[in-house]
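Hello,

Here is the structure we talked about. Please open it and keep it on screen while you read my notes below.

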Amino acid sequence: MSRKLKKINCRACQGKASQRGYFYRCHKKSCGAVFWHRAVLSENLGDDKVYSEVLRTANVPKSRGHYVYVILLDRLSGELMNSAYVGSTGRHPFERYLYHLKGTQSSKHPRKRGKAMLYFEGPMSFEKSQIREKQHADELRAKNIYHKVYDPTLKQTPSDPNK
Ligand SMILES: [Zn+2]
């Protein structure tokens, strides 16, 4: 945990971000994006003590219910806009984001090209989170600001049948 990481600007708005451990938070109120440095994966996250310490140092709050969150995804080659991933969770969304990166209950989209968690909604009930997840994904699709909006119920494309 003593590892020194470089200052990184917000991956969503390029503004200044503050760092705690491996976790960065955008300073801009109008943005508010957060992200993990992928160097966090060099820690032995399978070890409960190490894992708790990573969360504690990053000041990740405890979960108080269920949440819906949005992760910004990097473009694939040929795409003109970023994509987004909408998910729901019973963990705090900042911790859930780490789960995606470390490959536990992970979707390949945030694992491979997650740039930042843009925002989340909640806490709310489990039932509400299930409804909001799908609803919010549809709302984002209607806005047309992303190349593609993924959610866990979305079918994989035929060119990628395996995962
Ligand atoms: Zn920002």
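**Helix α4 and what surrounds it**

Helix α4 covers residues 126-143, which makes 18 residues. From its first C-alpha to its last it reaches 26 Å, close to the 26 Å expected at 1.5 Å a residue. Bear in mind that this is a predicted model.

Which residues of α4 are buried? They are Ser129, Arg132, Glu133, His136 and Ala137. Their cover includes the strands β4, β5, β6 and β7. Just after α4 comes asparagine 144, with a positive phi of about 60°.

Now compare helix α1, residues 48-57. Is it largely buried or largely in the open? Of its 10 residues, the number buried is one, so α1 lies largely in the open. Asparagine 59 follows α1, and its phi is positive too, near 60°.

**The whole chain**

Step back for a moment. The chain has four helices and seven strands. Along the sequence they come in the order β-β-β-α-β-β-α-α-β-α-β.

How does the chain's radius of gyration fit a compact globule? For 163 residues, such a globule would have a value near 15 Å. The chain has 16 Å, which agrees. Its C-alpha trace spans about 45 × 35 × 35 Å along the principal axes.

Of the 163 residues, 33% are buried. Now take the contacts between residues at least 6 apart in sequence: 57% of them join residues at least 24 apart.

**The nonpolar core**

The largest nonpolar core has 34 residues. Ala33, Val34, Ile71, Ala84 and Met117 touch the most other members. The elements that give two or more residues to this core are β2 (23-26), β3 (34-36), β4 (66-73), β5 (83-89), α2 (93-102), β6 (114-124) and β7 (149-150). Which of them gives the most? That is β4, with seven residues.

Look at alanine 84 in particular. Leave aside its neighbours within four places in sequence. Its contacts are then Val70, Ile71, Leu72, Leu73, Leu140, Tyr146 and Val149.

Start at strand β1, residues 17-20. β1 and β2 run antiparallel, joined by four bridges. In one of the facing pairs, arginine 20 stands opposite phenylalanine 23 of β2. The two strands form a hairpin with two residues between them. Glycine 21 sits in that turn and has a positive phi of about 60°.

Next, look along β2. Phe23 and Arg25 point one way, while Tyr24 and Cys26 point the other way. Buried or exposed? All of these are buried.

β2 also runs antiparallel to β3, with three bridges joining them. Here tyrosine 24 has phenylalanine 35 in β3 as its bridge partner.

Stay with phenylalanine 35. Why does it count as buried? It has 25 other C-beta atoms within 10 Å, and the cut-off is 20 or more. Residues up to four places away in sequence aside, phenylalanine 35 touches Arg11, Tyr24, Lys115, Ala116 and Met117. Proline 152 is another matter: it lies 117 residues from phenylalanine 35 along the chain, and their C-alpha atoms are separated by 20 Å.

Find each of these places on screen as you go.

Best wishes

Conventions:
Residues are numbered from 1 along each chain as its sequence is written. This is a predicted model: local features need pLDDT of at least 70, side-chain atom pairs count only at pLDDT 80 or more; totals for chains, interfaces and linings use all residues. A residue is buried if 20 or more other C-beta atoms lie within 10 Å of its own, exposed if 12 or fewer, and partly exposed in between; C-beta atoms are placed from the backbone. The radius of gyration is taken over C-alpha atoms; the globule rule is 2.2 Å times the number of residues to the power 0.38. Two residues are in contact if their C-beta atoms, placed from the backbone, lie within 7 Å. A nonpolar core is a set of buried Ala, Val, Leu, Ile, Met, Phe, Trp, Tyr and Cys residues joined through C-beta atoms within 7 Å. The expected span of a helix is 1.5 Å times one less than its number of residues. Two strands pair if DSSP finds at least two bridges between them.
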